[in-house]
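Please open the model in your viewer and keep the selection panel at hand, for this tour moves from one selection to the next and says what can be found at each stop.

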Amino acid sequence: MSKSETTRALTVLHAELDSCHACPKMIGPVVHGPPVASRVLLVGQAPGPREGSFGRPFAWTAGKTLFRWFQEGTGIDEDAFRRGIYMAAVARCFPGKSSGGGDRRPDATEIGACKTFLTREVAILRPRLVIPVGTLAIDEVLGKGRKLATLIGTAERVRYHGVEMDAICLPHPSGASPWHKMEPGKTLLAQAMKRLAAHPEIAGLRST
Ligand code: SF4
């Protein structure tokens with residue numbers, strides 16, 4: 001597919017996403033990024049309560065941390081990131097709050113419903129690199145049961161929705177999670193950012 005065909009196909013998919021009401025417990029609006037024809041796919045977890053009003057993923061505090069990691073670790077700032085990397089997620093609507101006060105984890109039915117969009121995005125983009133961010137996204141891309149400490153800082157070859165690609169995982173940048181602020185998380189995160197900086201698809205973004 002040419003870049004313009006890819007952009008057109010993603011635009012059609014985004015129109016379907018925008019009108020999706022498949023999950024009764026989810027709180028709209030649907031949040032997605034622009035139709036970036038990229039070989040790098042970021043898979044996040046689900047938008048938080050603020051992203052809907054900004055109309056873009058990672059628009060609030062977790063995003064600030066994520067973009068700082070990229071700026072410091074790879075030299076790619078937020079604008080270049082948003083222009084060069086396609087941002088998807090396990091769920092595209094805010095799940096609401098859990099009884100414990102944090103954001104509710106999407107349930108299996110919701111994840112399954114939203115996966116139909118992810119499957120199509122992978123088929124359209126045929127990514128060479130996937131960056132799952134947070135345990136929910138890592139479970140989705142690499143399968144359940146993998147520990148963060150054995151995954152962050154490594155690179156794996158994965159087959160995701162029928163397409164082979166490299167996977168470099170990141171912890172969730174949410175302030176609610178202390179994992180990346182304490183050892184071994186700090187060191188492993190630095191290793192993951194080094195791997196990302198050295199990946200040809202990320203290196204290619206620095207020159208655009
Ligand atoms: S989470 Fe996904 S499948 Fe569910 S309503 Fe939102 S866009 Fe649709």
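Two residues are counted as in contact if their C-beta atoms, placed from the backbone, lie within 7 Å. Helices (H or I, at least four residues) and strands (E, at least two) are DSSP runs, and they are numbered from the N terminus. This is a predicted model, in which local features need pLDDT of at least 70, side-chain atom pairs count only at pLDDT 80 or more, and totals for chains, interfaces and linings use all residues. When you type a selection, remember that residues are numbered from 1 along each chain as its sequence is written.

Next, select helix H1 (residues 3-18) together with helix H5 (residues 108-125). Axes are lines fitted to C-alpha atoms, for helices over the stretch in contact, and angles run from 0 to 180 degrees between N-to-C directions. The axes of H1 and H5 come within 10 Å and cross at roughly 170°, which makes H1 roughly antiparallel to H5, a name given to angles over 145 degrees, while those under 35 count as roughly parallel, 65 to 115 as roughly perpendicular and the rest as oblique. Show the side chains here, and you will find that Thr6, Ala9, Leu10, Leu13 and Leu17 in H1 meet Phe117, Arg120, Glu121, Ile124 and Leu125 in H5.

Now turn to the sheet. In general, strands of a sheet pair through backbone hydrogen bonds, either parallel or antiparallel. Two strands are said to pair if DSSP finds at least two bridges between them. Here five strands form an open sheet in the order S2-S1-S3-S5-S4, with mixed pairing. Its edge strands are S2 (86-89) and S4 (156-160), each of which pairs on one side only. Ignoring direction, neighbouring strands of this sheet are turned by 35° against each other on average.

Zoom in on S4 and S5 (residues 163-167), which pair in the antiparallel sense over five bridges. Which residue in S5 is the bridge partner of Arg157? The partner is Asp166.

Bring H5 back into view, for this helix packs on the sheet, touching S1 (40-44), S2, S4 and S5, and its direction makes about 155° with that of S2. Helix H6 (residues 135-142) lies across S1, S3 (129-132), S4 and S5, and runs at about 140° to S3.

Then display the ligand. A residue is near a molecule if its C-beta atom, placed from the backbone, lies within 6 Å of it. Of the 13 residues around the ligand, Cys20, Cys23, Cys93, Ala113 and Cys114 come nearest. H5 gives the largest share of this shell, three residues.

Finish with some details of the backbone. The peptide bond from Gly28 to Pro29 is cis, with omega near 0°, and Pro29 is found in the loop between H1 and S1. Another cis peptide bond runs from Glu183 to Pro184, with omega near 5°, and Pro184 is found in the loop between S5 and helix H8 (185-198). Phe58 has a phi near 50°, a positive value in a residue other than glycine, and its place is in the loop between helix H2 (51-54) and helix H3 (61-74).
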